[in-house]
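Subject: A two-chain model for you to explore

Hi there,

Here is the structure I promised to pass on. Have a look at it first, and then read my notes below.

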Amino acid sequence: MDVLLNEEEEMVKNAAREFLGGECPPSLARAMEVDDLGYPPELWSQMAQLGWLGMSLPESLGGQGLPLTYLGIIMEEVGRAIAPVPFHSTMVAALTIAADGSQEQKQSVLPRVCQGDTVLTWALTERDPRFLPETIATEAVEQGDNFVISGTKMFVDNFGAAEKCLVVCRTASASDGDQGISLFLVDTGSAGISNVPLTAIARDKQSQVIFDNVSVPRSNLIGQINQGWPVVQAMIDRATVLLCAQMVGATRKDAEMGIEYAKNRAAFGRPIGSFQSIQHLCADMILWVDGAQLLTYEALWKMDQGLPSSIEISQAKSFCNDKCEAVVRSSQVIHGGIGFMMEFDLHLWFRRVTSWTMRLGTSFEHRSKIAKALLDQPGRVRLGMNLEPVP
Amino acid sequence: MEFAYTAEQQALRDEVQRFIQENVNEDVRSEIENTDEMSQGPLVRDLRKKVAAKGWVGISWPKEYGGQDGSRIDQYIVEEEFSRIGVGVGGAGSGAPAILAAGTEEQKKTLLPGLISGEITLALGFTEPQAGADLASLQCRAVRDGDDFVINGQKMYTSSAHYASHIYLMARTDPDAPKHRGISIFIFPMDTPGITVRPLWTIQNDPPAPIGTTYGQRRTNETFFEDVRVPATCMLGEENQGWYVGAMGLNLDRVGASRYLISVRRDEDIINWAKDNDLGGHDVSQDPAIRDRLAELWIEAQVCRLMTMRSMSLMERGDTFTYEGAAEKVWAPEHGVRTTETISQILGPYAQLMSTSEEAIEHGLFAHNLLGSFQSGINHGSVQVMRDQIARRGLGLPRG
Ligand SMILES: Cc1cc2nc3c(=O)[nH]c(=O)nc-3n(C[C@H](O)[C@H](O)[C@H](O)COP(=O)(O)OP(=O)(O)OC[C@H]3O[C@@H](n4cnc5c(N)ncnc54)[C@H](O)[C@@H]3O)c2cc1C
């Protein structure tokens, strides 16, 4: 038991912080909000050269084969710098292909991910935004050697920049044995796809993606037909814990900016940071972000160890949703009016963290999962025990 | 990072649990439940001796003073298991870490083995009627007279003074120095002439609070010192450096198994109760609003656990904490209050019923807890003072 970073993890963190500190000023995030592609390709290839894109991908495919915790640490730093790169969506899709793709699928995609030659994304959510198989209506119908996909996906990240997208489809109605869900790797340039940008408060690249009879070869099926839900569930879990890491990084930086501002801004003849009410708010901000970080690290670590981690992930995301929001809002409060001004940088963090609290599961959804595990199975609970999810 | 206990640590926990199963029978349990938590009867004293003989007390202390030169995590594991049955087996409060850090060889040799065997127990004599959160303004005087000091003054809330063998006392030795620099610490036997202990009863004591209640089983005291003469060798650390010695001990005593558990046991209790019980057929565990709130509190409790593990990890690495102990001392007690108050809204009128009421749920545990859970946010560094520390020491914010 040692919940602190070890020496190597510390090194990875420091190197990432140093690199992004130099290469990724807030002005870059600002510029990319109005850029068509939405990310700077040079930065992306530098990240590849640093080994970040292949951090937790298999060595045999050009990756470094390092634990997921390392990728989490990088993700945290990317969040801290609010680096405008399609890192999260690419990693989520790549890790899913690495875990559940065929040998050919891995060979064709993953080395290119590691090299920084491609961007990936994934499309799951539809009209009902909960993470349940019954919300999937987008159909994939078998036609000879192909599947033909029709339906509408919401909140897809970086679709315009992505070369390929993992699309969650219904291939059968749910039966006792499975949920009738299948996962396909789709070229984003395929005929029949339209990409409708969404304007979200993060001003990031989210889209509504409409699939109108999009034909995909059978060889692009990830895993087994109709048996895709567990694969999707694992993908959601990875996406969620990595988003928590990104939130923690961005939130801590945002808190630090608030604390720094409190030291320098004067009112009533003294620094506002000398007022106890501001001091205590700052203390709470650090408690909250520390709590979010500890929960996230535990979830990452358990997932990396192959232990059941979905309860830990829900703990982390629910807490991040509530507390990271409280931190970035408090930092806005400490900044008074200036934080509300477009020309001041603080909102770059505020808007992103706020947006992330609404992605990948609301607090209510996550807590409902935890409540089930706590209350709907026999046996006594004890803190520190492993709590298994209840389906 | 490593979020699991090693196989050896797990084996230790299993062994402690087996030991408890074998050694804590109905009679011992009944003694634990029916005597003051800290002044335990003969069976518990026996039990404590056996635990010490296993080498399970002060595991992380040096061998030469009765410890095992062992791991702080191991010590935590033993303390957690015993805290869960209401027996305090370690830590010895904030006195032991201060003795380890600042004691003379002689003091370490005479006091530490006794603290491990349980033959020495320390009452904490810091607070005074006019010095609580602002402890450094204390007035109890210690005046040098040859090789002795003569002590006069009053201490408040000296919780175990009615049975402790010794007192760990903060007194003013230089009234002209700035307030933090004129304080010294003394450790001496409670049977030294001139000490009077008078009981103070808390709002939880009548009827008696069930075992495990936050601040439940504690009669406390006020203690008067009238020309109490002690040899100068009773002084811990340098003269007038007592503030720093004491603060260091307090800082280390803000973390650990028993402080963690007093803030989170009710989370487990209410969930386990709700799984097996109902209110006249109404199953509260299926109420969506209650489920959401219990899950939220459970997550908070996990943060208490992880913050405790963070402090243990720092100590195990031999690092000190800047703000981490204070952080835990804010988060955990406030969480305990949120849980306790939520429970009252889950159980409604049943949560008022105290231990002697037949209809009380869990022997009135939740009712008694409502009267005391906030107290852990006042003692040993109030949450306000702790937040000051986090802000000033941890974050470098300027003084007012
Ligand atoms: C059951 C019990 C057992 C105890 N056991 C012991 C013991 O064994 N030994 C011992 O020495 N003491 C003991 N104490 C004393 C305990 O540590 C004190 O009660 C505590 O330090 C607070 O002191 P006070 O009660 O004088 O409150 P005060 O210092 O008067 O504080 C009152 C309130 O003002 C707040 N406050 C004070 N200063 C500030 C500030 N700068 N900014 C904002 N708010 C502030 C406090 O946080 C608190 O909420 C015990 C107390 C109790 C109730």
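Before going on, a word on the ground rules. This is a predicted model, in which local features need pLDDT of at least 70 and side-chain atom pairs count only at pLDDT 80 or more, while totals for chains, interfaces and linings use all residues. Residues are numbered from 1 along each chain as its sequence is written, chains are lettered from A and ligands numbered from 1 in the order in which they are written, and side-chain values use heavy atoms, with hydrogens and water left out.

**Inside chain A**

Chain A has 11 helices and 10 strands. Both kinds of element are DSSP runs numbered from the N terminus (helices are H or I with at least four residues, strands are E with at least two).

Domain 2 of chain A brings 16 residues to their contact and domain 3 of chain A brings 15, where contact means heavy atoms within 4.5 Å. Together these two domains of chain A bury about 1,300 Å², with 68% of it on carbon and sulfur atoms. Buried area is the accessible area (1.4 Å probe) that two parts lose on being put together, summed over both. Trp122(A), Phe131(A) and Ile201(A) supply 43% of what domain 2 of chain A buries against domain 3 of chain A, more than any other three residues.

There is one salt bridge between domain 2 and domain 3 of chain A. A salt bridge is a side-chain nitrogen of Lys or Arg within 4 Å of a carboxyl oxygen of Asp or Glu. Arg359(A) and Asp157(A) form a salt bridge through their side chains, at 3.2 Å from N to O. On the side of domain 2 of chain A that touches domain 3 of chain A, strand 3 (146–157), strand 4 (164–170) and strand 5 (181–187) of chain A each give at least two residues.

Strand 3 of chain A also holds Phe155(A). This residue is not a glycine, yet Phe155(A) has a positive phi of about 55 degrees.

**Chain B on its own**

Chain B comes to 12 helices and eight strands. Its radius of gyration is 21 Å, close to the 21 Å that the globule rule gives for 400 residues, so chain B is as compact as a globular protein of that length. That radius is taken over C-alpha atoms, and the rule is 2.2 Å times the number of residues to the power 0.38. The C-alpha atoms of chain B fill a box of roughly 75 × 45 × 45 Å along the principal axes.

One spot to look up is Pro207(B), in the loop between strand 6 (195–200) and strand 7 (220–231) of chain B. The peptide bond from Asp206(B) to Pro207(B) is cis, with omega near -5 degrees.

**Where the chains meet**

Chain B gives 56 residues to the contact and chain A gives 54. About 5,300 Å² is buried between the two chains, and carbon and sulfur atoms give 64% of that. The rule finds 29 residue pairs in polar contact across this interface (both at pLDDT 80 or more). Helix 9 of chain B provides the largest share of the side of chain B that touches chain A, 17 residues.

Eight salt bridges cross the interface of chain B and chain A. Asp284(A) and Arg387(B) pair up at 2.8 Å, N to O. Asp2(A) and Arg317(B) also form a salt bridge, at 2.8 Å, N to O. Asp2(A) lies in the segment before helix 1 (7–23) of chain A and Arg317(B) in the loop between helix 9 and helix 10 of chain B, so the pair joins two chains.

Enjoy exploring!

Note on methods:
A polar contact is a pair of N or O atoms within 3.5 Å; within protein, one must be able to donate a hydrogen and the other to accept it, and residues adjacent in sequence count only if both atoms are side-chain atoms.
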